[in-house]
Amino acid sequence: LHKLAEDSLGPDTLDLGLRIGLHSGEVTAGVLRGEKSRFQVFGDTVNTASRMESSCLTNRIQCSQTVADELILYGYVHWLQSREGLVTVKGKGEMQTYFVNVTEE
């Protein structure tokens, strides 16, 4: 599989990393018309999730306090790892964020 990925996507493809940002809240959604119609989601929730991703470490999942509160409410507190100190988030200021480490318990 690794050889196939390098052959089709180029050398050093497997050096890619992934960052995921999570936030929960209200959004506005709709279909934008143009040459190609596409479904689009708008709002502060989308922007905050994007900021969670952009301020995250590679190969980690970072979530906001809102998502952490939901995980705690549903009994998944063991998935959360508080980041040391507050994280400076563009357009939001300093926020307490968490890494999500999915484990079975």
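**A guided reading of the predicted model**

Asn59 lies in the loop between α2 and β4 (60–63), where helices (H or I, at least four residues) and strands (E, at least two) are DSSP runs numbered from the N terminus. The structure is a predicted model, in which local features need pLDDT of at least 70 and side-chain atom pairs count only at pLDDT 80 or more, while totals for chains, interfaces and linings use all residues. Residues are numbered from 1 along each chain as its sequence is written, and side-chain values use heavy atoms, with hydrogens and water left out.

Asn59 has a phi near 65°, a positive value in a residue other than glycine. With a relative accessible area of 54%, Asn59 is exposed; the term means over 50% relative accessible area, whereas buried means under 20% and partly exposed covers the range in between (1.4 Å probe, protein chains only).

The overall architecture can be considered next. The protein has three helices and eight strands, and along the sequence these follow the pattern α-β-β-β-α-β-α-β-β-β-β. Along the principal axes, the C-alpha atoms fill a box of roughly 45 × 40 × 30 Å. The radius of gyration of the protein is 17 Å, whereas a compact globule of 105 residues would have a value near 13 Å. That radius is taken over C-alpha atoms, and the globule rule is 2.2 Å times the number of residues to the power 0.38. Of the 105 residues in the protein, 25% are buried.

Which side chains meet in salt bridges? The count comes to two salt bridges, a salt bridge being a side-chain nitrogen of Lys or Arg within 4 Å of a carboxyl oxygen of Asp or Glu. One of them joins the side chains of Glu53 and Arg19, at 2.7 Å from N to O. Because Glu53 lies in helix α2 (residues 44–54) and Arg19 in strand β1 (residues 19–22), this pair ties together parts that are 34 residues apart in sequence. Glu53 counts as partly exposed, at 25% relative accessibility, and Arg19 counts as partly exposed at 35%.

Another salt bridge is formed by Lys92 with Asp44, whose closest N and O atoms are 2.5 Å apart. This pair links distant parts of the chain: Lys92 is in the loop between β6 (87–89) and β7 (93–95), and Asp44 is in helix α2, 48 residues apart. Lys92 is partly exposed, with a relative accessible area of 31%, and Asp44 also counts as partly exposed, at 47% relative accessibility.

Aromatic side chains give further contacts. A pair of aromatic rings is described by the distance of the centres and the angle of the planes. The structure holds one aromatic pair. Tyr76 and Trp79 form this pair, which is tilted, with 4.5 Å from centre to centre and 40° between the planes. Rings of Phe, Tyr and Trp (its six-membered ring) pair if their centres lie within 6.5 Å; planes under 30 degrees apart count as stacked, over 60 as edge-to-face, and the rest as tilted. Tyr76 counts as partly exposed, at 35% relative accessibility.

A charged side chain also meets a ring: Arg60 lies over the face of Phe99, at 4.0 Å from the ring centre. A charge sits over a ring if NZ of Lys or CZ of Arg is within 6 Å of the ring centre and within 35 degrees of the ring normal.

The surface carries a nonpolar patch formed by Val27, Val31, Phe39, Val41 and Val46, with about 410 Å² of accessible area together. Patches are made of residues with over 30% relative accessible area and no salt bridge, like charges being joined within 9 Å and nonpolar side chains (Val, Leu, Ile, Met, Phe, Trp, Tyr) within 5 Å. Accessible areas come from the Shrake-Rupley method with a 1.4 Å probe, and for residues only the protein chains shown count as cover. Val31 is found in strand β2 (residues 28–32) and is partly exposed, with a relative accessible area of 48%.

Strand β2 also contains Gly30, which counts as partly exposed at 23% relative accessibility. The C-alpha atoms of Gly30 and Val41 are separated by 6.7 Å, and the two residues are 11 residues apart along the chain. Arg33 is found in the loop between β2 and β3 (38–42) and counts as exposed, at 70% relative accessibility. The C-alpha atoms of Arg33 and Ser55, 22 residues apart along the chain, are separated by 32 Å.
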